[in-house]
Amino acid sequence: VAAGPVGGCCGSVAVTDSSASGNGSTDTSKEEYSDPYGNASDFQIARIPADKIAISEIKGDSQTVTIGFDQEGFSPAVLVVQSKVETVWNINAAAESKDIDILFPYYGALLQVREGNNPITFTPDQDFEFYTEDGVFCGYVKVVEDIEQIDIDAIKSEVAAFDPSSSLYNTIGGGEGDNCCR
């Protein structure tokens, strides 16, 4: 069943539902989130684990990539996709995972993840992060010019150095600036 495109000022993604199950797990370290004004938050910001990476597979004019999701988080939490190629990204949620919403701030979109396959169709043009609605689990999509010419170690280092708390802070409405997807 197609749910149709969702999105906001930053673009759109198409979300469809289907029914297969899978799983994945990953370790995350968490740190308490607080805004620059010193207000504590219930959010627990996870560092993005960069030890495993999912690399898209290009066939014809499109690419596909799949990650797992369960009560331990995204596995892997880092995806590499080629720029400007239509992408079908599947988040395969395990049976034991709870229903949760995943935020895609760059696209101003939200995906209601349910058990089984949760495909997203989009055409990437820049790197972006994604989060569970509570900020507990985070992931990163690295967009490259040529999927055949990537430096996996450099990508792992870049993601390991990325601080998801600053981006999530803007997403939940605490920051100022040009982020239209707050």
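Are tryptophan 89 and phenylalanine 104 buried or exposed? Both tryptophan 89 and phenylalanine 104 are buried, where buried stands for under 20% relative accessible area, exposed for over 50% and partly exposed for what lies in between, with a 1.4 Å probe and protein chains only. The model is a predicted one, in which local features need pLDDT of at least 70 and side-chain atom pairs count only at pLDDT 80 or more, while totals for chains, interfaces and linings use all residues. Residues are numbered from 1 along each chain as its sequence is written, and side-chain values rest on heavy atoms, with hydrogens and water left out.

The protein chain has 182 residues, of which 47% count as buried, and it contains two helices and 15 strands; these are DSSP runs numbered from the N terminus, helices being H or I with at least four residues and strands E with at least two. Among contacts (heavy atoms within 4.5 Å) between residues at least 6 apart in sequence, 65% join residues at least 24 apart.

Six of the strands form an open sheet of mixed pairing, in the order β5-β9-β15-β14-β11-β12, two strands being paired if DSSP finds at least two bridges between them. At its edges stand β5 (53-55) and β12, each of which pairs on one side only. Strands β11 and β12 pair in the antiparallel sense over five bridges, with leucine 103 opposite leucine 110 in β12 and isoleucine 100 having valine 113 as its bridge partner there. Four residues lie between the strands of this hairpin, in which glycine 108 takes a positive phi near 60 degrees.

In a regular strand the side chains alternate between the two faces of the sheet. Strand β12 (residues 109-113) has a covered face made of Ala109, Leu111 and Val113, whereas Leu110 and Gln112 make up the uncovered one.

The largest nonpolar core has 38 residues, and Ile67, Phe74, Trp89, Ile91, Phe104, Phe130 and Val141 touch the most other members; such a core is a set of buried Ala, Val, Leu, Ile, Met, Phe, Trp, Tyr and Cys residues joined through side-chain atoms within 4.5 Å. Strand β15 (residues 138-144) gives the largest share of this core, five residues. Leaving aside neighbours within four places in sequence, valine 141 is in contact with Leu79, Val81, Trp89, Asp127, Phe128 and Phe130.

The structure also holds 14 aromatic pairs, for which rings of Phe, Tyr and Trp (its six-membered ring) must have centres within 6.5 Å, planes under 30 degrees apart counting as stacked, over 60 as edge-to-face and the rest as tilted. The rings of phenylalanine 74 and phenylalanine 130 have centres 4.9 Å apart and planes at 75 degrees, so this pair is edge-to-face. Because phenylalanine 74 lies in strand β8 (residues 73-75) and phenylalanine 130 in strand β14 (residues 128-132), the pair ties together parts that are 56 residues apart in sequence. Both phenylalanine 74 and phenylalanine 130 are buried.

The pair of tryptophan 89 and phenylalanine 104 is likewise edge-to-face, because the ring centres are 5.6 Å apart and the planes stand at 85 degrees. This pair links distant parts of the chain, with tryptophan 89 in strand β10 (residues 86-93) and phenylalanine 104 in strand β11 (residues 100-104), 15 residues apart. One aromatic cluster includes Phe74, Trp89, Phe104 and Phe130, with Phe69, Tyr106, Tyr107, Phe122, Phe128 and Phe137 also among its members.
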